[in-house]
Amino acid sequence: MNQSTKKSYERFNPPKRLLLGPGPSPVDDRVLAAMAAPVLGHLDPLFLQCMDDVQALLRYVFETENRVTIPISATGSAGMEAALVNVIEPGDDVVVCINGVFGERMRDIIERAGAKPVVVEAPWGEAFELNKIEAALKSASNPRALAIVHAETSTGVLQNLSGLSEMAHQHGALFIVDAVTSLGGHPVAVDRNGIDICYSGTQKCIGAPPGLSPITFNERALDRIRSRRSKVQSWYLYITMVEKYWGDDRTYHHTAPISMNYALREALRLIYEEGLEARWRRHETNHRALVAGIEAMGLQMAVAPKSRLWSLNAVSVPEGVDDARVRARLLDENIEIGGGLGPLKGKIWRIGLMGSGSTRENVLLVLDALGRALKMEGFSCEAGAQAAEKVYSAVAA
């Protein structure tokens, strides 16, 4: 290329957006600063200590004693794939629960692995009835796993996990849980809930940038992997090799994303300092305040109260209001909220209150901005801040 015609690329300077969508969530300055630390070699003794800290802190957040608790060096979808392909083989029956985008993605991975999905469906925006899951387990000839999304990011639905592990284990199936949008914002309780494999992502309630997928395998799941008849279809995600890098052997597998692990360590350190129960209470309180404000404005939540996520709030778009135009107006104010996917496209807004983004200030800010945007659409509504403030006052009393 002629030097005189060479295109000039300016430094990229993104604006500081308030990320109140389905993810990524806002990243605390301490986490951003951790990413700027000098890069070490992936087998440097100091970085190995960082890895040990990450594992210990992940066990704390997952609420597990599982030895194999690590971050997969890829995003949450790789965690989903690792959870499934390590323990299912061609011809296996796998019960998969679908009530949104990520249940559908599970089914796709199961099919690509050559297994047979036995599907349990619920309408988008609703949780599953346990009797339907049990019927699916009974209908399968030899179910090898039950896979379910704890927090369905596409709809704002939280699934009650109580009793599901017992149900799965009675039929010889592993219990696999997607906790991408719940870990760090809702109790997941891997050990108490009898979860065999659980995975998440760093960019939601954990409060780090996207790029890693925390995952945990218990010994029942590892025994299944060791007794496989066929090779795991993915070399990169084969957990038996990956765990040797994170375990005592420190056997080279891949070059870990050093700076992302720094970020994860600091994000987990923030969670540890706050305390899990305090963090859950914060997410619940801000969710309740947002809901109160939304309903005071004459809007409706899209999910029934008992099945609502605290971390991701699905709000029904009122009749006559243009979903995309409202979101664009908020973005003009550097506030990001999400729209609906699939059959909910144009029908809901997804307002995330995750990690460091789950604050009183942000709840009041988004209610105010949403109210102004709705009035520009010709939708008459009351201010929502006063109703939200009543929730905060009641909690403080």
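Visitor: What residue does V95 stand opposite in β5?

Guide: V95 stands opposite L146 in β5. Strands here are DSSP runs of E with at least two residues, helices are runs of H or I with at least four, and both are numbered from the N terminus. Before we go on, this is a predicted model, in which local features need pLDDT of at least 70 and side-chain atom pairs count only at pLDDT 80 or more, while totals for chains, interfaces and linings use all residues. Residues are numbered from 1 along each chain as its sequence is written, and side-chain values use heavy atoms, with hydrogens and water left out.

Visitor: What makes β3 and β5 a pair?

Guide: Two strands pair if DSSP finds at least two bridges between them. Strand β3 (residues 93-98) and β5 share four bridges in the parallel sense, so the pair meets that definition. β5 is also joined to strand β8 (residues 174-178), in parallel, by five bridges.

Visitor: Why is strand β5 called mostly covered?

Guide: Buried means under 20% relative accessible area, exposed means over 50%, and partly exposed lies in between (1.4 Å probe, protein chains only). In strand β5 (residues 143-149), seven of seven residues are buried. β11 is described as mostly covered too, with four of its five residues buried.

Visitor: What makes β11 and β13 edge strands?

Guide: They belong to an open sheet of three strands, antiparallel in pairing and ordered β11-β14-β13. β11 (312-316) and β13 (338-339) each have a single partner strand, so one side of each has no neighbour in the sheet. As a reminder, strands of a sheet pair through backbone hydrogen bonds, either parallel or antiparallel. Between β11 and strand β14 (residues 348-352) there are five antiparallel bridges. Two residues show how they line up: the β14 partner of L312 is G352, and that of V315 is W349.

Visitor: Why does T155 count as buried?

Guide: T155 has 1% relative accessibility, so T155 falls under the limit for buried. T155 sits in the loop between β6 (151-152) and β7 (157-158). Contact means heavy atoms within 4.5 Å. Leaving out residues up to four places away in sequence, T155 touches N99, G100, W124, G125, V303, A314 and L344.

Visitor: How do you know that L237 is buried?

Guide: The relative accessibility of L237 is 7%, which means that L237 is classed as buried. L237 is in the loop between α7 (219-226) and α8 (239-246). Beyond its neighbours within four places in sequence, L237 contacts I72, A78, E81, A82 and N86. The C-alpha atoms of L237 and S73 are 9.1 Å apart, although 164 residues separate the two along the chain.

Visitor: What makes the phi of R250 worth a look?

Guide: Most residues other than glycine have a negative phi, and most peptide bonds are trans. R250 is not a glycine, yet its phi is positive, about 55°. R250 lies in the loop between α8 and α9 (258-274), and with a relative accessible area of 18% it is buried. N334, another residue that is not glycine, has a positive phi near 65°. N334 is in the loop between α11 (323-332) and β12 (335-336).

Visitor: Why is N334 called partly exposed?

Guide: N334 has 28% relative accessibility, so N334 belongs to the partly exposed class.

Visitor: What is the peptide bond from G23 to P24, cis or trans?

Guide: That bond is cis, with omega near 5°. P24 is found in the loop between β1 (18-19) and α1 (29-35).

Visitor: How do you know that the radius of gyration agrees with a compact globule?

Guide: The radius is taken over C-alpha atoms, and the globule rule is 2.2 Å times the number of residues to the power 0.38. For 397 residues a compact globule would be near 21 Å, and the protein has 22 Å, which agrees. Its C-alpha atoms fill a box of roughly 65 × 65 × 55 Å along the principal axes. Buried residues make up 56% of the 397 residues. Of the contacts between residues at least 6 apart in sequence, 71% join residues at least 24 apart.

Visitor: How many helices and strands are there in the protein?

Guide: The secondary structure comes to 13 helices and 14 strands.
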